Amino acid sequence: MRLDRENAKKKDDDMFLTIDLQQTMPLPKILTSKAFYLRQIWFYNFEIHVVTKNKENTFFCTWTEDVADRGSCEIASALLRFVDTNHNSNQKKDNLVIWSDSCAGQNKNFNMIC
């Protein structure tokens with residue numbers, strides 16, 4: 001991982017990404033147990049950290065459970081949305097390296113490969 005990051009900092013045509021779906025957060029945060037189980041909604045935060053030769057940026061894709069779940073299709077959609085919205089800055093890159101945790105349901109599966 002360190003070697004891939006350093007290569008992206010040195011070469012113009014490399015882009016290095018680290019991705020992670022952070023821990024889910026209940027909204028609103030209520031300490032009373034009965035209200036906690038009746039009124040909570042889960043908030044998801046998907047983080048993309050980008051390293052290129054000129055800069056490092058972090059992007060966040062956020063949604064709640066009423067919009068979508070947190071499976072492999074949603075993670076792949078968020079990553080595709082990132083690539084589509086940053087198309088102009090990604091256009092000159094020949095190599096894309098993506099590192100993620102080993103979560104089989106979200107990252108290590110056929111949907112992400114496709």
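The structure is a predicted model, in which local features need a pLDDT of at least 70, side-chain atom pairs count only at pLDDT 80 or more, and totals for chains, interfaces and linings use all residues. Residues are numbered from 1 along each chain as its sequence is written, and side-chain values use heavy atoms, with hydrogens and water left out.

The protein chain contains 5 helices and 5 strands; here helices (H or I, at least four residues) and strands (E, at least two) are DSSP runs, numbered from the N terminus. Read from the N terminus on, the order of these elements is α-β-β-α-β-β-α-α-β-α. The chain has 114 residues, of which 29% count as buried. On this scale, buried means under 20% relative accessible area, exposed means over 50%, and partly exposed lies in between (1.4 Å probe, protein chains only). The accessible surface of the protein chain comes to about 7900 Å², and carbon and sulfur atoms account for 52% of that surface. Such areas come from the Shrake-Rupley method with a 1.4 Å probe, and for residues only the protein chains shown count as cover. Contacts (heavy atoms within 4.5 Å) also tell something about the fold: among those between residues at least 6 apart in sequence, 59% join residues at least 24 apart.

Next comes the inside of the protein. The largest nonpolar core has 14 residues, and those with the most contacts inside it are Leu-17, Leu-21, Phe-46, Ile-48, Val-50, Cys-61 and Trp-63. A nonpolar core is a set of buried Ala, Val, Leu, Ile, Met, Phe, Trp, Tyr and Cys residues joined through side-chain atoms within 4.5 Å. Two or more residues of this core are supplied by each of strand 1 (14-21), strand 3, strand 4 (56-64) and helix 3 (72-85).

Charged side chains come next. The structure holds 3 salt bridges, each being a side-chain nitrogen of Lys or Arg within 4 Å of a carboxyl oxygen of Asp or Glu. Arg-5 and Glu-56 form one of them, at 3.6 Å from N to O. This pair links distant parts of the chain, with Arg-5 in helix 1 (residues 2-10) and Glu-56 in strand 4, 51 residues apart. Glu-56 also forms a salt bridge with Lys-9, where the closest N and O atoms are 3.5 Å apart. Because Lys-9 lies in helix 1 and Glu-56 in strand 4, this second pair ties together parts that are 47 residues apart in sequence. Arg-5 is partly exposed at 22% relative accessibility, Lys-9 is partly exposed at 32%, and Glu-56 is partly exposed at 41%.

A further salt bridge joins Lys-53 and Asp-12 (3.6 Å, N to O). Here the partners sit in loops, Lys-53 between strand 3 and strand 4 and Asp-12 between helix 1 and strand 1, and 41 residues separate them. Lys-53 counts as partly exposed at 40% relative accessibility, whereas Asp-12 counts as exposed at 52%.

Glu-47, in strand 3 (residues 41-51), makes an interesting case. Glu-47 is buried yet has no salt bridge, and Arg-5, the nearest side chain of opposite charge, is 8.0 Å away. For this comparison, Lys and Arg count as positive and Asp and Glu as negative, while His and the chain ends are not counted. The side chain of Glu-47 does reach the backbone nitrogen of His-49, at 3.2 Å. Leaving aside neighbours within four places in sequence, Glu-47 is in contact with Thr-18, Ile-19, Asp-20, Gln-22, Thr-58, Phe-59 and Phe-60.

Two more residues complete the picture. Thr-64 belongs to strand 4 and counts as buried at 18% relative accessibility. Beyond residues up to four places away in sequence, Thr-64 touches Ile-41, Trp-42, Phe-43 and Tyr-44. Leu-27, by contrast, is found in strand 2 (residues 25-27) and is partly exposed, with a relative accessible area of 36%. Leu-27 and Gln-40 are 13 residues apart in sequence, and their C-alpha atoms are 5.4 Å apart in space.

Note on methods:
Polar contact = N/O pair within 3.5 Å; in protein donor to acceptor, adjacent residues only side chain to side chain.
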